[in-house]
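Biologist: Hi! I'd like to go through this one with you, a bit at a time.

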Amino acid sequence: EGLRLHLSSSSSTGYKCVRADRSRYQAAHSVGGRVVYLGGWYRTAVEAAVVYARAVGEYQPPAPPTVATEAEGLRLHLSSSSSTGYKGVFADR
């Protein structure tokens, strides 16, 4: 789907803005200083994290189909945070 889930090492669920209550999960987002709960309760933390990612509009295009690590004898630096898949390479919009 191209969504970037927000991981969190400080959250017990592993995801930012996702909380657990027994065996169910809820996503929340802060809007204008107020907490807004997104939807209802979800069966998994991943489901709630997807709802949060959709709400904050985080879209990350899918990785290029073929990622080369070497070209013309040069070592290419891969990047998971770049939409092109390479460090220092940007798409002209």
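Biologist: Where does Cys-17 lie?

Modeller: Cys-17 is in the segment before β1. Strands here are DSSP runs of E with at least two residues, helices are runs of H or I with at least four residues, and both are numbered from the N terminus. Cys-17 has a positive phi of about 65°, although it is not a glycine.

Biologist: Is Cys-17 buried, partly exposed or exposed?

Modeller: Cys-17 counts as partly exposed because its relative accessibility is 33%. Buried means under 20% relative accessible area, exposed means over 50%, and partly exposed is in between, with a 1.4 Å probe and protein chains only.

Biologist: Good. What should I know about the model itself?

Modeller: This is a predicted model, so local features need pLDDT of at least 70 and side-chain atom pairs count only at pLDDT 80 or more, while totals for chains, interfaces and linings use all residues. Residues are numbered from 1 along each chain as its sequence is written, and side-chain values use heavy atoms, with hydrogens and water left out.

Biologist: Back to that segment. What does Ser-8 touch?

Modeller: Not counting residues up to four places away in sequence, Ser-8 touches Gly-14, Tyr-15 and Lys-16; contact means heavy atoms within 4.5 Å. Ser-8 is also in the segment before β1, which covers 18-21. Ser-8 counts as buried because its relative accessibility is 18%.

Biologist: And what lies 3.3 Å from a polar atom of its side chain?

Modeller: That is the backbone nitrogen of Ser-11, at 3.3 Å from the polar side-chain atom of Ser-8.

Biologist: Now the sheet. In what order do the strands come?

Modeller: Three strands form an open sheet in the order β1-β2-β3, with antiparallel pairing. Two strands pair if DSSP finds at least two bridges between them. β1 and β3 are the edge strands, each pairing on one side only. From one strand to the next, the twist averages 30°. Axes are lines fitted to C-alpha atoms, for helices over the stretch in contact, and angles run from 0 to 180 degrees between N-to-C directions.

Biologist: How many bridges join β1 to β2?

Modeller: Four, and the two strands run antiparallel. The bridge partner of Val-18 in β2 is Ala-27. β1 and β2 form a hairpin with two residues between them. In that loop sits Arg-22, which has a positive phi of about 60° without being a glycine. Arg-22 counts as exposed because its relative accessibility is 74%.

Biologist: What about β2 and β3?

Modeller: Strands β2 (residues 24-31) and β3 (residues 34-42) pair in the antiparallel sense over six bridges. Val-31 has Arg-34 in β3 as its bridge partner. This hairpin also has two residues between its strands, and Gly-32 in the turn has a positive phi of about 60°.

Biologist: Changing topic: which residues make up the largest nonpolar core?

Modeller: The core has 10 residues: Tyr-15, Val-18, Ala-27, Leu-38, Tyr-42, Ala-45, Ala-48, Ala-49, Val-51 and Tyr-52. A nonpolar core is a set of buried Ala, Val, Leu, Ile, Met, Phe, Trp, Tyr and Cys residues joined through side-chain atoms within 4.5 Å.

Biologist: Where does the largest share of this core come from?

Modeller: From α1, with five residues.

Biologist: Last one! What does Ala-45 touch?

Modeller: Leaving aside residues up to four places away in sequence, Ala-45 touches Thr-13, Tyr-15, Val-18 and Tyr-25.

How values were computed:
A polar contact is a pair of N or O atoms within 3.5 Å; within protein, one must be able to donate a hydrogen and the other to accept it, and residues adjacent in sequence count only if both atoms are side-chain atoms.
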